[in-house]
Amino acid sequence: MDSSLTDQQQDKYRSYLHGEGEKNTNWKLGAPPNYDTVNKLFEEGRTKIWPPASLEEKVQNLVKTWEMEMFNKISFPDYKSVKLQNYTVSVNGRKPLSLEQKRKLGGGYNSFMQTSLPEDLRGYNPAQETEHSSHLAFTTAFPRGFALEVIQVYSGPPSIVYKFRHWGYMEGPFKGHAPTGELVQLYGISIFEVDDEMKILKVEFFFDRGELLGGLMKGDKLTSGTDQAALSCPFLRNTG
């Protein structure tokens, strides 16, 4: 971590966010995201505190860094956590996608919510969403962010297999459903294949998207004409 940065500029859990190496990075919001709010949520709600420099801490920080880059950096060459050549990501055994293919699906949340369910049963339909609309939908529902912790690491490099937990509080509306204020959690398994420099070569995720959507669609249906965008949280930099 760059020692020239102030405590306010540094992030305890993510690399490639500040410092000289990021001075030319193209950020989606024009500046590096601020993770103070979601870091607070993480520290208050985590179930594990890993020893410094442990494999578990290293994996957790790698995943947080990877998520930060995928959600917030525009240019692929700015992704420093991955090995760009031949990098792929897949979800629930679906076809592995390149970065460009992932972006065409809407990137971010949308690429992770792909499903083979009939359209009338989807609740959240990724085919009708864009990168912006999907990001808005989830960051509106989770104004304090969607925190991540690694709760177990089953194997270390070069094939890292770990169990994760994502959680947040539904304090905003989601797809026409009123906020409940309740805790919404998602558990899953992921595999990161990395090289000798811990650059990510391949990512696989396995989780039940219904567990996430079930928690987000418990609230009462909002009256027709209620505009979710009008209720959205302005602090989109707190997530991702």
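Modeller: Start with the side chain of Ser-190. One of its polar atoms lies 2.8 Å from the backbone oxygen of Glu-204. Bear in mind that this is a predicted model.

Colleague: What makes that pair a polar contact?

Modeller: The cut-off is 3.5 Å between N or O atoms. The distance from the Ser-190 side chain to the backbone oxygen of Glu-204 is 2.8 Å, so the pair qualifies.

Colleague: Why is Ser-190 called buried?

Modeller: Buried means under 20% relative accessible area. Ser-190 has 0%, so it counts as buried. Ser-190 sits in strand E4. Leaving aside neighbours within four places in sequence, its contacts include Ile-160, Val-161, Tyr-162, Val-203 and Phe-205.

Colleague: Which residues does Phe-205 touch, beyond its neighbours within four places in sequence?

Modeller: Among them are Trp-66, Phe-112, Tyr-162, Phe-164, Ile-189, Ser-190 and Phe-192. Phe-205 also belongs to the largest nonpolar core, which has 42 residues. Trp-66, Tyr-162, Phe-192 and Phe-205 have the most contacts inside that core. Helix H2 gives the most to this core, with six residues. A second, separate core has ten residues, including Tyr-13, Tyr-35, Val-38 and Trp-167.

Colleague: How do you know that H2 is largely enclosed by the rest of the structure?

Modeller: Count its residues. H2 has 18, and 14 of them are buried, so the rest of the structure largely encloses it.

Colleague: What span should H2 have, and how far apart are its ends?

Modeller: H2 covers residues 55-72. The expected value takes one less than the number of residues.

Colleague: Now H6. Which of its residues are buried?

Modeller: Helix H6 covers residues 209-216, and Arg-209, Leu-212, Leu-213, Gly-215 and Leu-216 are buried there.

Colleague: How do you know that they line one face of the helix?

Modeller: Look down the axis of H6. The buried residues fall within an arc of 160°, so they line one face. An α-helix has 3.6 residues a turn, so residues three or four places apart point the same way.

Colleague: What covers that buried set in H6?

Modeller: The cover includes helix H5 (131-141), strand E4 (183-194) and strand E5 (200-207). At the start of H6, a side-chain oxygen of Asp-208 comes within 2.8 Å of the backbone nitrogen of Gly-210.

Colleague: Is Glu-149 buried or exposed?

Modeller: Buried. Its relative accessibility is 0%, and the limit is under 20%. Glu-149 lies in strand E2, residues 147-155.

Colleague: What polar partners does the side chain of Glu-149 have?

Modeller: The side chain of Thr-47 makes a polar contact of 2.8 Å with that of Glu-149. The backbone nitrogen of Lys-48 lies 3.3 Å from a polar atom of the Glu-149 side chain. Both distances are within the 3.5 Å cut-off, so both pairs count. Beyond four places in sequence, Glu-149 also touches residues including Phe-42, Arg-46, Gln-60, Lys-163 and Trp-167.

Colleague: Why is Tyr-16 called partly exposed, while Ala-53 is called exposed?

Modeller: Exposed means over 50%, and partly exposed lies between the two limits. Tyr-16 has 32%, so it is partly exposed. Ala-53 has 54%, so it is exposed. Tyr-16 is in the segment before H1, and Ala-53 is in the loop between H1 and H2.

Colleague: What are their phi angles?

Modeller: Phi of Tyr-16 is near 60°. For Ala-53, phi is about 70°. Both values are positive, and neither residue is a glycine.

Colleague: What makes Gly-30 exposed?

Modeller: Its relative accessible area is 65%, and the limit is over 50%, so Gly-30 is exposed. Gly-30 is also in the segment before H1. Its C-alpha atom is 9.9 Å from that of Ile-74, 44 residues apart along the chain.

Colleague: Where is the cis peptide bond?

Modeller: From Pro-157 to Pro-158, with omega near 10°. Pro-158 lies in the loop between E2 and strand E3.

Key: Residues numbered from 1 in each chain as written. Predicted model: local features only at pLDDT ≥ 70, side-chain atom pairs only at ≥ 80, totals over all residues. Heavy atoms only, no water. Helix = DSSP H or I, 4+ residues; strand = E, 2+ residues; numbered from the N terminus. Buried < 20%, exposed > 50% of the residue type's maximum accessible area, 1.4 Å probe, protein only. Polar contact = N/O pair within 3.5 Å; in protein donor to acceptor, adjacent residues only side chain to side chain. Contact = heavy atoms within 4.5 Å. Expected span 1.5 Å × (residues − 1). Arc of directions from axis to C-beta. Core = buried A, V, L, I, M, F, W, Y, C linked by side-chain atoms within 4.5 Å.
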